[in-house]
Amino acid sequence: MSDNRRRDLILRAAQNARPVEIVYDCGKDGETETRVIEIHDMYTAKDGNWVISAYCRLRDEKRTFRLDRILSHRTRRLTWQGPAPRVTAMFTVQGTPTRTAFEPKPRTYTADGLLASIRQKIEKARTAA
């Protein structure tokens with residue numbers, strides 16, 4: 001599965017406030033771990049990699065995960081167990097608008113805004129072809 005498709009599916013799970021079970025490449029000698037995460041935020045790092053900020057049920061704390069290291073995932077029909085996600089200006093699981101929603105915040109996206117920008121890029125590519 002491509003990273004773009006995985007990102008879209010994980011964003012959909014975040015919008016629906018659903019935990020996601022991932023198989024994660026720890027980066028140490030091919031070691032992998034299965035974790036259940038509750039997504040709080042998603043952004044791009046300076047190196048261009050997508051990063052997921054989430055509550056990890058295995059470690060019982062907030063952690064970050066690189067999208068390119070997620071080997072597989074599936075949305076789980078579980079109740080939210082960890083702390084409530086911090087509401088950011090550009091991304092909230094609950095979709096609650098904030099006073100600072102229109103202030104520019106680099107490398108942070110709303111799920112709806114991200115999907116809209118992806119759709120625009122696809123449409124531009126189609127018209128250019």
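Hi everyone. The protein chain here exposes about 8200 Å², and carbon and sulfur atoms supply 47% of that area (Shrake-Rupley method, 1.4 Å probe; for residues, only the protein chains shown count as cover). Please keep in mind that this is a predicted model, in which local features need pLDDT of at least 70, side-chain atom pairs count only at pLDDT 80 or more, and totals for chains, interfaces and linings use all residues. Residues are numbered from 1 along each chain as its sequence is written, and side-chain values use heavy atoms, with hydrogens and water left out.

Let's walk through the fold. The chain has two helices and five strands, in the sequence pattern α-β-β-β-β-β-α (DSSP runs numbered from the N terminus: helices are H or I, at least four residues; strands are E, at least two).

The five strands make an open antiparallel sheet, ordered β4-β3-β2-β1-β5 (strands pair if DSSP finds at least two bridges between them). At its edges sit β4 (61–66) and β5 (70–75), each pairing on one side only. Strand β1 (residues 20–25) is joined to β5 by five bridges, and there Tyr24 has Ile70 as its bridge partner.

Now, the inside. The largest nonpolar core has 19 residues, and Ile37 and Ile52 have the most contacts inside it (a core is a set of buried Ala, Val, Leu, Ile, Met, Phe, Trp, Tyr and Cys residues joined through side-chain atoms within 4.5 Å; buried means under 20% relative accessible area, with a 1.4 Å probe and protein chains only). The elements giving two or more residues to this core are α1, β1, β2, β3 and α2 (111–128).

Ile52 touches, among others, Ile10, Ile37 and Ile70 (contact means heavy atoms within 4.5 Å).

Terms used:
Buried means under 20% relative accessible area, exposed over 50%, partly exposed in between (1.4 Å probe, protein chains only). Lists of a residue's contacts leave out its neighbours within four places in sequence.
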